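Here are my notes on this model, as numbered points. Please read them with the structure open.

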Amino acid sequence: MSSFLKQPKSVWAVAFACVIAFMGIGLVDPILKPIAEQLHASPSQVSLLFTSYMAVIGIAMLITGAVSSRIGAKRTLLIGLAIIVVFSALAGLSNSIGMIVAFRAGWGLGNALFIATALATIVNSAAGSVAEAIILYEAALGVGIAAGPLVGGELGTISWRGPFFGVAVLMTIALAATAFLLPSTPPEARRTSILEPLKALRHRSLATVAVTALLYNFGFFTLLAFTPFPLAMSARQIGLIFFGWGIGLAVTSVFVAPRLQRWFGTLPVVMTSLLLFGADLAMMGIFAHHKAVLAIGVIVAGLFLGVNNTLITEAVMGAAPVERGTASAAYSFVRFSGGAVAPWLAGKLGEEVNIQLPFYVGAFAVILAVAVLATGWKPLAHLRIPAPHSEPEAEALTAADA
């Protein structure tokens, strides 16, 4: 442990920035309802904060490899951090829901540039083994995911603008630390083409996993973007509920998923976790008028999502004979289209029909994801065999889950 903690200052600077970047997953959850109330916006309009953010990240994943290979990892990190600082601050200064949605899109571009190169930078700069560097990265991911809703809830008690300004301040610190502490990195010898991720989707196995993730993201972002509205609680209370979700996700992704994979194989575990997540969403739909059931459903969902996120992204790495970065970019491009549509659709259904239907639609999409994955039972046969957890999945997580 002592040798693991003795890392160069540059590594700690990037790790700190990773924590803040991963906080963005749940940071805005606690303030969705206050934004809607104070800016006189509907749930579907507020949910566009997720839609614009995810849509831009998905599209940007096609270009991040091309950018970093041409200008180097450090410049890519700094540009990404600078964009996040500017657009998170502008979101905090906004006076209309349209402005916040637009600035969240810019924030998504910065996040995509940063997260696409963060792990590679930590691995290249860290002292010790690659495995220790990945553990450090996964620790940053876990802390960020868990802390996001908690920080958002606390700052949201002051003002809905608080979380946006908080990110701007913290990312400014991370930007300065990265600029001064991280050594310069030259461009790569091989320049990545923008078309490579799209060509990779010609492989049926990779396309199957990507479509599976697109469908399950309907359920994931229904939970994330819509649940705060029927919960109808304070920013702090919603922050605490999603903090429990983040803790569950972080624990199962790091400690539980590898053991289940070793015992049963990747594909059976992913299909089982998706079935359980679909059942959880269905129960939330049935009891959508009971806040206690919704709160418990959110926290329980984190347990299933942690297992699924870790193993399905590892499945991507072995799904096609292409480079890991290319496979991850292709997968993220398809996956985030689901994340972009689901928040708006869930809000619209909740407004115009009832608050139960979004959860039912999310549950149906997740069950459909299991059916799609089952069509790849033969092409993905190597993932049915119990096997040790491999290190490359962490690199996939960088692009796919942040």
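1. Start with helix 10 (residues 204–226), which holds both Y216 and F220. The two are four residues apart, about one turn of the helix. Y216 and F220 are both buried. Keep in mind throughout that this is a predicted model.

2. Y216 and F220 belong to a cluster linked by ring pairs. Across the whole structure, a search finds eleven aromatic pairs. How are the rings of Y216 and F220 arranged? Their centres are 6.3 Å apart and their planes meet at 15°, so the pair is stacked.

3. **An edge-to-face pair.** A pair of aromatic rings is described by the distance of the centres and the angle of the planes. For W160 and F164, the centres are 6.2 Å apart. Their planes lie at 80°, and the pair is edge-to-face. Are W160 and F164 buried or exposed? Both are buried.

4. **R104 and two rings.** R104 is worth a look. Its charged end sits over the ring of Y53, 4.0 Å from the centre. R104 also lies over the face of W107, at 4.8 Å from that ring centre.

5. **S52 and its contacts.** R104 turns up again next to S52. Leaving out residues up to four places away in sequence, S52 touches V101, R104 and A105. S52 is found in helix 4 (residues 43–71). Why does S52 count as buried? Its relative accessible area is 12%, and buried means under 20%.

6. **Overall make-up.** The protein chain has 17 helices and zero strands. Of its 402 residues, 57% are buried. Consider contacts between residues at least 6 apart in sequence: 88% of them join residues at least 24 apart. The chain exposes about 14900 Å², and carbon and sulfur atoms supply 71% of that area.

7. **A nonpolar surface patch.** V86, L90, L93 and F165 form a nonpolar patch on the surface. Together they have about 330 Å² of accessible area. Which helix gives the most to the patch? Helix 5 (residues 73–93) does, with three residues. F165 sits in helix 8 (residues 162–181). F165 is partly exposed, because its relative accessible area is 31%.

8. **Two positive phi values.** Most residues other than glycine have a negative phi, and most peptide bonds are trans. Two residues deserve a check on this count. Phi of H40 is near 55°, a positive value in a residue other than glycine. H40 lies in the loop between helix 3 (32–38) and helix 4. With a relative accessible area of 74%, H40 is exposed. Phi of A232 is near 50°, also positive in a residue other than glycine. A232 is in the loop between helix 11 (228–231) and helix 12 (235–264). A232 is partly exposed, at 37% relative accessible area.

9. Side chains of opposite charge can pair when their charged atoms come close. How many salt bridges does the structure hold? It holds three. One joins the side chains of E37 and K33, at 3.9 Å from N to O. E37 and K33 are separated by about one helical turn, because they are four residues apart in helix 3. K33 counts as partly exposed, at 22% relative accessibility. Another salt bridge joins K348 and E352, at 3.5 Å from N to O. These two are four residues apart in helix 15 (residues 324–352), so about one helical turn separates them. K348 is partly exposed, at 29%. E352 is exposed, with a relative accessible area of 57%.

10. R236 forms a salt bridge with E154, and the closest N and O atoms are 3.0 Å apart. Which parts of the chain does this pair link? R236 is in helix 12 and E154 in helix 7 (residues 130–158). The two residues are 82 apart, so the pair links distant parts of the chain. R236 counts as partly exposed, at 39% relative accessibility. E154 is partly exposed too, with a relative accessible area of 34%.

Terms used:
Residues numbered from 1 in each chain as written. Predicted model: local features only at pLDDT ≥ 70, side-chain atom pairs only at ≥ 80, totals over all residues. Heavy atoms only, no water. Patch = residues over 30% accessible without salt bridge, like charges linked within 9 Å, V, L, I, M, F, W, Y side chains within 5 Å. Areas by Shrake-Rupley, 256 points an atom, 1.4 Å probe, with all protein chains shown as cover. Salt bridge = Lys/Arg side-chain N within 4 Å of Asp/Glu carboxyl O. Buried < 20%, exposed > 50% of the residue type's maximum accessible area, 1.4 Å probe, protein only. Phe/Tyr/Trp six-rings, centres within 6.5 Å; stacked < 30°, edge-to-face > 60°. Lys NZ or Arg CZ within 6 Å of the ring centre and 35° of its normal. Contact = heavy atoms within 4.5 Å.
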